[in-house]
Protein chains: 2
Amino acid sequence: MQSKDKNTEQKILEAAKTAFMKYGLYGARMQDIADNAGINKALLHYYFRSKEKLFDQVFEGALSKYFEQMLVFSDTSLPVLERIFKYIDNIIDFLSEYPQMSMFIIKEISVDQEMFYEKVKMLKEDKGIHLISLLKEGQEKGEISNIDPVVFVMNLHSLCAYPFLASPIFKAIISSSASHWEDPGNNKLKASVKDFVAFRLAK
Amino acid sequence: MQSKDKNTEQKILEAAKTAFMKYGLYGARMQDIADNAGINKALLHYYFRSKEKLFDQVFEGALSKYFEQMLVFSDTSLPVLERIFKYIDNIIDFLSEYPQMSMFIIKEISVDQEMFYEKVKMLKEDKGIHLISLLKEGQEKGEISNIDPVVFVMNLHSLCAYPFLASPIFKAIISSSASHWEDPGNNKLKASVKDFVAFRLAK
DNA sequence: GTACAGTTTAACCAAATGGTTAACGCAAAG
DNA sequence: CTTTGCGTTAACCATTTGGTTAAACTGTAC
């Protein structure tokens with residue numbers, strides 16, 4: 001029985017993730033989720049009381065995984081630049097596995113900001129990771145240049161995340177420019193981001 | 001009468017834009033749009049036959065405005081680098097005015113890619129703008145370095161567009177890092193993008 | 001004023017939606 | 001064998017949804 005529970009709950013979460021990622025909280029349909037999980041609609045409400053509750057679980061899971069990628073920042077055995085390089089690999093591999101993740105998170109935040117503020121606060125206190133403080137620290141130690149940390153963090157995440165967000169656009173635009181685009185393992189992308197970081201943080 | 005028509009139609013399009021940008025095609029509600037336009041719901045169907053048709057109009061308008069920003073590329077009186085700098089100013093000013101634009105376009109594309117492919121083809125043939133070909137041209141003339149144009153275009157758009165997409169995230173993260181962020185006129189952002197471009201395209 | 005066109009509305013409809021209920025199945029416990 | 005309790009389902013419900021209809025309104029041309 002226990003195994004059956006887990007299976008059903010997992011199947012629901014899986015189907016819910018797919019649906020919510022694609023259509024968002026309002027756009028996703030409970031019937032769709034039930035169908036894709038291969039179960040009755042009433043079971044959704046048996047396991048998760050309401051659409052909102054189900055959504056919350058999916059969203060929190062996504063956000064949490066996203067934040068997990070930042071654990072490298074706490075690895076004090078590495079110099080700051082190395083940690084950032086590792087983070088770039090992590091985050092790009094992660095987004096490559098869940099390409100709709102950024103979209104999903106951003107989309108839902110734009111609909112309901114309040115919810116997000118609370119959850120970020122929770123997760124950050126939990127994991128205690130701050131790239132910005134890390135940069136300031138590196139600057140004090142003289143390991144990196146004196147750029148504006150906030151602008152840098154923004155640029156860095158832009159370079160990593162946007163290609164996955166906008167991949168449908170790029171596919172269309174590039175194919176219509178008679179160019180083509182292949183980047184197995186996202187190595188070109190990783191290299192170009194690291195190149196940028198090295199350039200910006202060089203003393 | 002003519003003016004009244006225009007007014008109503010305009011009010012509807014305005015309200016529809018707001019609703020669709022925030023909730024997407026499926027999430028947006030016709031009643032909401034009617035309310036916000038200050039009219040009866042039936043009028044929506046009088047002016048635009050269906051929800052899809054109304055959405056199409058909004059989406060095409062958005063996409064078209066987006067593409068208009070690329071007209072600088074065709075200004076042969078300027079060297080390639082100058083055109084790109086101007087484009088950066090244009091696109092950032094534009095996104096600053098319509099911060100939900102990228103989100104909206106990307107969101108809907110991820111739901112229905114087919115539709116997008118056709119519309120991009122239409123608009124591009126119409127305006128005939130290709131940054132990638134421009135870069136190749138500049139490389140042949142020896143004006144810019146020999147970077148991979150596709151990677152460069154991706155990086156460039158990442159740096160410009162993502163900050164607006166992710167601004168809710170940044171606000172939350174930055175405020176919880178005891179940092180703060182002000183960038184009137186987006187001048188810091190523009191400067192950092194241009195800095196990146198200059199670095200990448202320098203021979 | 002009357003006829004006529006385009007514009008606007010209230011009332012309505014069928015379908016879809018999130019959610020509930022009561023009953024059934026079925027394994028484990030007594 | 002019966003009871004108990006969780007997992008599951010079909011049938012159902014109230015509300016919301018996009019969409020329609022027929023009548024009312026409004027300004028213009030005759």
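Helices (H or I, at least four residues) and strands (E, at least two) are DSSP runs that are numbered from the N terminus. The model is a predicted one, in which local features need pLDDT of at least 70, side-chain atom pairs count only at pLDDT 80 or more, and totals for chains, interfaces and linings use all residues. Residues are numbered from 1 along each chain as its sequence is written, chains are lettered from A and ligands numbered from 1 in the order in which they are written, and side-chain values use heavy atoms, with hydrogens and water left out.

The account begins with chain A as a whole. Its secondary structure consists of 11 helices and 0 strands, and the pattern along the sequence reads α-α-α-α-α-α-α-α-α-α-α. The C-alpha trace of chain A spans about 60 × 50 × 30 Å along its principal axes. A residue is called buried when its relative accessible area is under 20%, exposed when it is over 50%, and partly exposed in between, with a 1.4 Å probe and protein chains only. By this criterion, 52% of the 203 residues of chain A are buried. The accessible surface of the chain is about 9,700 Å², and carbon and sulfur atoms hold 50% of it; such areas come from the Shrake-Rupley method with a 1.4 Å probe, and for residues only the protein chains shown count as cover.

Contact means heavy atoms within 4.5 Å. Among the contacts in chain A with a separation of 6 or more, 71% join residues 24 or more positions apart. As to charge, chain A carries 26 positive and 27 negative side chains, and the centres of the two sets lie 3 Å apart. Here Lys and Arg count as positive and Asp and Glu as negative, while His and the chain ends are not counted; the place of a charge is NZ of Lys, CZ of Arg, CG of Asp or CD of Glu.

Chain A is assigned two parts, domain 1 (1-49) and domain 2 (59-201), with bounds that come from an automatic or database domain assignment. The C-alpha centres of domain 1 and domain 2 of chain A are 29 Å apart. Between them, 8 residues of domain 1 are in contact with 7 residues of domain 2. The two domains of chain A bury about 600 Å² between them, with 63% of it on carbon and sulfur atoms. Buried area is the accessible area (1.4 Å probe) that two parts lose on being put together, summed over both.

The next topic is the interface between the chains. The size of an interface is often given as the accessible area lost when the parts come together. For chain A and chain B, the buried area is about 5,100 Å², and carbon and sulfur atoms give 71% of it. On the side of chain A, Ile106(A), Met154(A) and Tyr162(A) lose the most area to chain B, together 12% of what that side buries. In terms of residues, 54 of chain A are in contact with 54 of chain B.

Ile106(A) is one of the buried residues of H6(A). This helix (residues 101-111) is mostly covered, with 11 of its 11 residues buried. Val111(A) also belongs to helix H6 of chain A. Beyond its neighbours within four places in sequence, Val111(A) is in contact with Tyr26(A), Lys22(B) and Tyr23(B). Val111(A) and Tyr26(A) are 85 residues apart along the chain, yet their C-alpha atoms are separated by 9.8 Å.

Ser158(A) lies in helix H9 (residues 149-165) of chain A, and it counts as buried because its relative accessible area is 0%. Leaving aside neighbours within four places in sequence, Ser158(A) is in contact with Pro163(A), Ser158(B), Leu159(B), Tyr162(B) and Pro163(B). In chain B, His157(B) lies in helix H9 (residues 149-165) and is buried at 12% relative accessibility. With neighbours within four places again left aside, the contacts of His157(B) include Tyr162(A) and Phe170(A), together with Tyr87(B).

Ile84(B) is placed in helix H5 (residues 80-97) of chain B and is buried, with 0% relative accessibility.

Finally, Asn186(A) lies in the loop between helix H10 (167-175) and helix H11 (187-201) of chain A. Its phi is near 55°, a positive value in a residue other than glycine. Asn186(A) counts as buried because its relative accessibility is 15%.
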